[in-house]
Amino acid sequence: MGATASGPVEVPAAAPASPAAPLAVPASRPAAAARLRRHPLVLVGGAILLAVVLASALAPLLTGADPVRPSFGQRLRPPWGLGGSAARPLGADNLGRDILARLLYGGRVSLALATSAVVLATGAGVLAGLLAGWLGGRVDDLVMRIADVQLAFPVIMLAIAIVAVVGTSPIALVGVLALSGWVLHARTVRANVLTIRQLEYVEAAAALGASRVRTVFRHVLPNTLAPILVIASSQFATMVLLESGLSFLGLGVQPPRPSWGGMLAEGRDYLSSAWWLATMPGAAISLVVLGANLLGDGLRDLLDPHLGR
Amino acid sequence: MRRYLLHRLAQSALTLVGMSILVFVILRVLPGDPAKMLLPEGAPESAVQELNRQLGLREPLHVQYVLFVRSVFRGDFGQSFQYRAPALAVVVERLPATIQLTLCAMALTVVGGVAIGIVAAVRRGSRYDYAGTALAVLGQSLPSFWLGIMLILFFGVTLRWLPTSGFQGWTYLILPSVTLAAYPTALVARLTRSSMLEILSREYVRTGRAKGLAERAVILRHVLRNATIPVLTILGLQIGTLLGGAVITESVFAWPGMGKLVVDAIFFRDFPVVQTVLILSATIFVGINLLVDVLYTVIDPRIRYG
């Protein structure tokens with residue numbers, strides 16, 4: 001088994017996997033602002049994400065409605081402007097619960113799960129990639145083969161099998177989501193480390209007597225940060241999709257706790273009578289995913305001038 | 001060439017071994033008492049004991065694993081208790097519906113994704129480019145289950161043009177395959193675009209134009225062919241996305257394939273079926289990607305692994 005995986009999972013031209021140029025000297029403030037202006041996607045995506053995060057964090061301030069307690073008098077009440085009232089701006093669901101409140105509180109769960117999963121996946125993946133790239137040899141072989149195995153399963157199938165066995169606790173969900181994400185980080189970091197370890201400043205650090213661990217964390221890791229950041233932000237999109245997909249199938253966040261995927265699944269039965277039940281949570285998911293994707297794309301253009309266009 | 005193929009074959013075999021270990025760990029080690037899980041709820045104690053003995057669940061783990069692999073090689077994936085039939089037969093029966101759906105989605109992905117990518121690259125910076133890119137970003141952001149439901153709402157409930165669930169003829173294929181294809185199509189479109197742009201800047205493209213080749217010939221024969229390699233890799237990998245996406249799409253459209261089967265199986269706690277689907281889909285994925293690697297050498301004669 002060669003150390004370089006020419007395996008089924010290598011993506012030669014997929015942008016995020018290719019080694020990024022080492023980051024330039026940190027730009028001064030005005031220069032950074034100018035660069036941001038040239039990549040408006042970062043701002044747009046970031047603003048969308050920030051707005052959604054703030055809205056769900058401040059849920060109690062934005063709505064007085066209870067996201068869980070049914071109120072049957074309000075059952076299937078349409079959104080404001082379409083026969084509903086301003087008290088329930090997005091209408092009410094099949095149990096008369098305020099949809100806006102459920103979206104905001106459900107967002108807390110989805111965003112928290114996705115964020116934890118991205119952090120865990122990034123940590124594990126970066127560590128695995130550093131080990132594989134720096135130590136090489138058997139460690140490298142082992143890590144890369146495990147990555148191959150992981151990639152052989154459709155993510156969602158693996159996730160539902162595991163969740164079915166270990167249950168749908170938040171910890172299990174975060175673990176399952178993270179499991180789907182570490183490979184890309186590991187592969188990218190490994191590829192970067194293989195390039196960086198040949199560079200002169202690494203040799204210089206060693207010559208100056210820096211320990212191996214210090215060299216890795218002070219000199220190699222910081223220079224792989226750009227692609228890690230890019231991957232992490234587009235992975236946030238994937239995690240939100242995966243979590244809401246699991247919840248949609250009934251294998252994620254469990255009712256009565258509101259979740260976007262769960263709301264969509266409930267709304268499916270009312271498509272012909274109350275379209276807003278399924279439409280609103282889907283729009284929320286799409287918005288977050290769009291924000292994270294735009295942010296990821298923008299960061300890629302911003303941080304790595306060699307990629308993309 | 002032959003060495004390369006042998007190498008890839010060995011690598012694939014190793015991946016399959018790893019896969020079997022992972023499935024074994026998930027379904028036999030993670031649950032405290034797998035025999036209880038592999039039997040219908042309320043099965044008599046004697047049946048639990050019997051299965052324990054049969055699967056060797058009292059043996060040490062490595063012996064259990066060997067027994068597990070041996071039974072898989074015999075094609076014995078256990079009995080589905082939801083259908084009271086061998087799990088493998090149950091899954092294989094559902095396979096054609098999934099294959100039909102995935103192939104249809106794959107065709108849409110290849111045709112739609114590559115076409116959008118070519119147009120966007122050739123007419124770079126034009127309205128078409130922006131429209132294509134916007135479409136691609138959107139395609140990557142809409143959750144398939146939501147897209148599917150919105151298509152049902154629009155074409156099924158409001159317009160009443162297309163059937164929305166079940167499996168009785170080709171019109172039933174349209175909405176599910178569009179839903180399933182959206183994400184990979186977007187991915188392929190973006191990749192084709194960037195890959196084409198890269199090739200378009202090469203010297204030999206300028207040479208081709210300079211010697212008076214028709215633009216169509218330059219694009220189709222020289223640029224597209226060279227831009228195909230990364231696209232092909234992604235397409236191979238999309239098999240996994242499609243098989244996984246089928247789980248959700250089939251559930252949305254009540255499509256009687258493997259994906260819906262596995263979701264239903266989980267709610268019935270029909271773990272023999274879950275295990276079979278996992279093993280089968282991973283094997284398909286590994287096989288197809290091996291095939292893709294072999295295809296490279298056909299498409300691009302420069303590639304000679306050795």
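**Figure 1. Chain A is built from 12 helices and zero strands.** Helices here are DSSP runs of H or I with at least four residues, strands are E runs of at least two, and both are numbered from the N terminus. This is a predicted model, in which local features need pLDDT of at least 70 and side-chain atom pairs count only at pLDDT 80 or more, while totals for chains, interfaces and linings use all residues. Residues are numbered from 1 along each chain as its sequence is written, and chains are lettered from A and ligands numbered from 1 in the order in which they are written. Of the 309 residues in chain A, 52% are buried; a residue is buried if 20 or more other C-beta atoms lie within 10 Å of its own, exposed if 12 or fewer, and partly exposed in between, with C-beta atoms placed from the backbone. Taking the contacts in chain A with a separation of 6 or more, 73% come from residues 24 or more positions apart; two residues are in contact if their C-beta atoms, placed from the backbone, lie within 7 Å.

**Figure 2. Helix α4 of chain A covers residues 99-135.** Following the helix comes A:Gly136, with a positive phi near 65 degrees.

**Figure 3. Chain A meets chain B through 45 of its residues, which contact 51 residues of chain B.** On the chain A side, the elements giving two or more residues are α5 (137-152), α6 (155-166), α10 (225-249) and α12 (276-303). Which of them gives the most? That is α6(A), with nine residues. By class, this side of chain A has 32 nonpolar, nine polar and four charged residues. For these classes, Ala, Val, Leu, Ile, Met, Phe, Trp, Tyr, Cys and Pro count as nonpolar, Asp, Glu, Lys and Arg as charged, and the others, Gly among them, as polar.

**Figure 4. A:Ile156 sits in helix α6 of chain A.** Is A:Ile156 buried or exposed? It counts as buried because it has 27 C-beta neighbours inside 10 Å. Leaving aside residues up to four places away in sequence, A:Ile156 touches A:Leu242 and A:Gly245, together with B:Gly244, B:Val247 and B:Ile248. A:Leu246 is 90 residues from A:Ile156 along the chain, yet their C-alpha atoms are separated by 7.8 Å.

**Figure 5. Helices α8 (residues 200-207) and α9 (residues 212-220) of chain A cross at roughly 140 degrees.** Their axes come within 10 Å; axes are lines fitted to C-alpha atoms, for helices over the stretch in contact, and angles run from 0 to 180 degrees between N-to-C directions. The two helices are therefore oblique to each other: angles under 35 degrees count as roughly parallel, over 145 as roughly antiparallel, 65 to 115 as roughly perpendicular and the rest as oblique. The contact brings A:Tyr201, A:Val202, A:Ala205 and A:Ala206 of α8(A) together with A:Thr215, A:His219 and A:Val220 of α9(A). Five of the contact residues are nonpolar, two are polar and none is charged.

**Figure 6. In chain B, helices α5 (residues 87-122) and α10 (residues 215-253) cross at roughly 145 degrees, with axes that come within 10 Å.** Residues of α5(B) in the contact include B:Leu101, B:Ala105 and B:Val114, and among those of α10(B) are B:Val231, B:Leu235 and B:Gln238. Sorted by class, the contact has 14 nonpolar, four polar and no charged residues.

Figure 7. In chain A, a cis peptide bond joins A:Pro255 and A:Pro256, with omega about 10 degrees; A:Pro256 belongs to the loop between α10 and α11 (260-267). In chain B, B:Arg84 has a positive phi near 50 degrees without being a glycine, and its place is the loop between β1 (79-80) and β2 (85-86). B:Arg84 counts as exposed because it has 9 C-beta neighbours inside 10 Å. B:Ala254, also not a glycine, has a positive phi of about 50 degrees and lies in the loop between α10 and α11 (258-267) of chain B. With 13 C-beta neighbours inside 10 Å, B:Ala254 counts as partly exposed.

Note on methods
Expected span 1.5 Å × (residues − 1).
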